[in-house]
Each structure stands twice: as C-alpha cells, then as structure tokens.
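Subject: Structure for you to look at

Hello,

Here is the structure you are taking over. Please open it first, then read the notes below with it on the screen.

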Amino acid sequence: MAGRIHNYLANDHRRLEGALQRATATPGVIESQAYSEFRGGLLRHIGMEKKILLPAAQAARGGTPLPLAPKLRLDHGALAALLVLTPTNSIIAAIRYILAAHNPVEEGPDGVYEQCEHVAATETEQLLVRLQNAPAVKLAGHSDSPVAIESAHHALQRAGYDLKF
C-alpha cells in the first residue's frame with residue numbers, strides 16, 4: 001500500500017501529465033499556457049525530489065544515497081535541459097519518452113517513493129509538509145541558442161538516451 005509521500009508525488013505526476021496532454025491536445029499546436037504550467041510544475045517536482053526527498057532519504061540511510069539516485073539525477077538533468085528549449089513536437093516526444101521510463105522507477109513496486117517511505121518513516125509528516133510547501137519555480141524564457149541545444153544533447157547522452165530533436 002502506497003504511503004502519503006508516494007501518493008502525493010504520484011498524484012503530482014498525474015497532474016503534470018494532464019497539463020502536458022492539454023498542451024498538446026490539438027495536433028500540431030502547443031498551447032503555451034498549459035505547456036508553461038507543465039514546465040513550471042515539472043521543474044518544481046524535480047526540485048522537490050532533488051532538494052528534499054533524495055537528501056532526506058540519504059540522511060536516513062546514514063549518508064548513503066539510494067541506489068537509484070544517480071540515475072534519477074541524470075534523468076532530471078535531461079528533462080530540465082529539454083525544458084530550456086522552445087517546445088516542439090520532437091522535444092515533447094523526447095520528454096514523454098523519458099518520463100515513460102522515469103516515472104515507473106519512482107512509482108513502481110519497491111520504487112524510489114516506496115523506498116523513501118521506508119527509510120524516512122519516522123519523518124514522513126515533516127517530509128510531506130516540506131514537499132507540499134516547495135516553492136514554485138520562476139520560469140525564464142526559452143533559449144534555443146547553440147549552447148542550450150548542445151547542453152540538452154549532452155544531458156540526454158549522459159542519462160543514456162539516444163533521442164533526436
């Protein structure tokens with residue numbers, strides 16, 4: 001049975017999936033307000049995991065990170081790099097591809113969320129409050145500079161994705 005942290009973060013995944021679905025509901029059109037909601041929400045979600053969840057799990061494990069933490073960080077870096085770029089159908093396809101592989105690692109049986117529930121069991125309430133109170137991310141404009149594009153390609157490669165956009 002999933003705990004409160006697991007449910008909170010998995011429900012946030014569903015909320016983000018809904019925003020991305022709304023952003024791409026009309027073929028060939030990316031609805032900017034829904035995409036902005038998705039982009040800001042995903043960056044906030046990544047921040048919650050990077051700054052709150054994974055450090056709490058590591059502290060509860062006596063300083064040893066969760067075994068999947070390095071992979072999650074690489075995926076988060078790839079997603080964040082893609083979110084810098086102006087969205088296109090191919091960029092959104094890459095984001096969806098990564099999320100389809102990434103979210104089950106977090107939500108699945110014995111996934112990261114379940115592991116965090118176990119290792120931080122005595123601090124679940126405080127951890128949940130910190131996650132719920134994580135601030136919104138202030139969004140910068142998109143950048144399609146050669147450096148941003150190259151950074152996104154490198155982040156994808158480091159994370160093990162051979163995706164073109």
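On a 1 Å grid over the protein atoms alone, a cavity is a set of points where a 1.4 Å probe fits but cannot get out. By this rule, the structure has one cavity of 30 Å³ or more. Please keep in mind that this is a predicted model.

The largest cavity holds about 80 Å³ of space. Its lining consists of 13 residues, and those nearest its centre are His13, Leu16, Leu42, Leu99 and Asn103. Helices H1, H2, H3 and H4 each give two or more residues to this lining. Sorted by class, the lining of the largest cavity has five nonpolar, five polar and three charged residues.

There is also a largest pocket, with a volume of about 200 Å³. Among the residues that line this pocket are Leu43, Arg44, Ile46, Gly47 and Met48, and also Ala134, Pro135 and Val137. Seven of the pocket's lining residues are nonpolar, one is polar and three are charged.

In soluble globular proteins, nonpolar side chains tend to be buried together. The largest nonpolar core here has 29 residues, and the members that touch the most other members are Tyr35, Phe38, Leu42, Leu82, Ile95 and Ile98. Two or more residues of this core come from each of H1, H2, H3, H4 and helix H7 (146-158). A second, separate core has 19 residues, including Leu9, Leu54, Ala57 and Leu128.

Leaving aside residues up to four places away in sequence, Tyr35 touches Leu20, Ala23, Ile30, Leu83, Pro87, Ile92, Ile95 and His142. Ile98 lies in helix H4. Its relative accessibility is 0%, so Ile98 counts as buried. Ile98 and Ala136, by contrast, are 38 residues apart in sequence and 22 Å apart in space, C-alpha to C-alpha.

Aromatic pairs

How many aromatic pairs does a search of the whole structure find? It finds two. Tyr35 is buried because its relative accessible area is 2%, and Phe38 counts as buried at 1% relative accessibility.

In the other pair, the ring centres of Tyr97 and Tyr161 are 6.1 Å apart with the planes at 85°, so this pair is edge-to-face. Tyr97 belongs to helix H4 and Tyr161 to the segment after H7, so the pair ties together parts 64 residues apart in sequence. Tyr161 is buried, with a relative accessible area of 9%.

Helix H5

Helix H5 covers residues 112-119, and its buried residues are Val112, Tyr113, Gln115, Cys116 and Glu117. What covers them includes helix H1 (4-23), helix H2 (32-60), helix H3 (69-84), helix H4 (89-107) and helix H6 (124-132).

Regards

Conventions:
Residues are numbered from 1 along each chain as its sequence is written. This is a predicted model: local features need pLDDT of at least 70, side-chain atom pairs count only at pLDDT 80 or more; totals for chains, interfaces and linings use all residues. Side-chain values use heavy atoms; hydrogens and water are left out. On a 1 Å grid over the protein atoms alone, a cavity is a set of points where a 1.4 Å probe fits but cannot get out, and a pocket is an open set with protein on both sides within 12 Å along at least five of seven lines; lining residues have an atom within 4 Å of a point. Grid points are joined across faces, edges and corners, and a volume is the space filled by probe spheres set on the points. Ala, Val, Leu, Ile, Met, Phe, Trp, Tyr, Cys and Pro count as nonpolar, Asp, Glu, Lys and Arg as charged, and the others, Gly among them, as polar. Buried means under 20% relative accessible area, exposed over 50%, partly exposed in between (1.4 Å probe, protein chains only). Helices (H or I, at least four residues) and strands (E, at least two) are DSSP runs, numbered from the N terminus. Contact means heavy atoms within 4.5 Å. A nonpolar core is a set of buried Ala, Val, Leu, Ile, Met, Phe, Trp, Tyr and Cys residues joined through side-chain atoms within 4.5 Å. Rings of Phe, Tyr and Trp (its six-membered ring) pair if their centres lie within 6.5 Å; planes under 30 degrees apart count as stacked, over 60 as edge-to-face and the rest as tilted.
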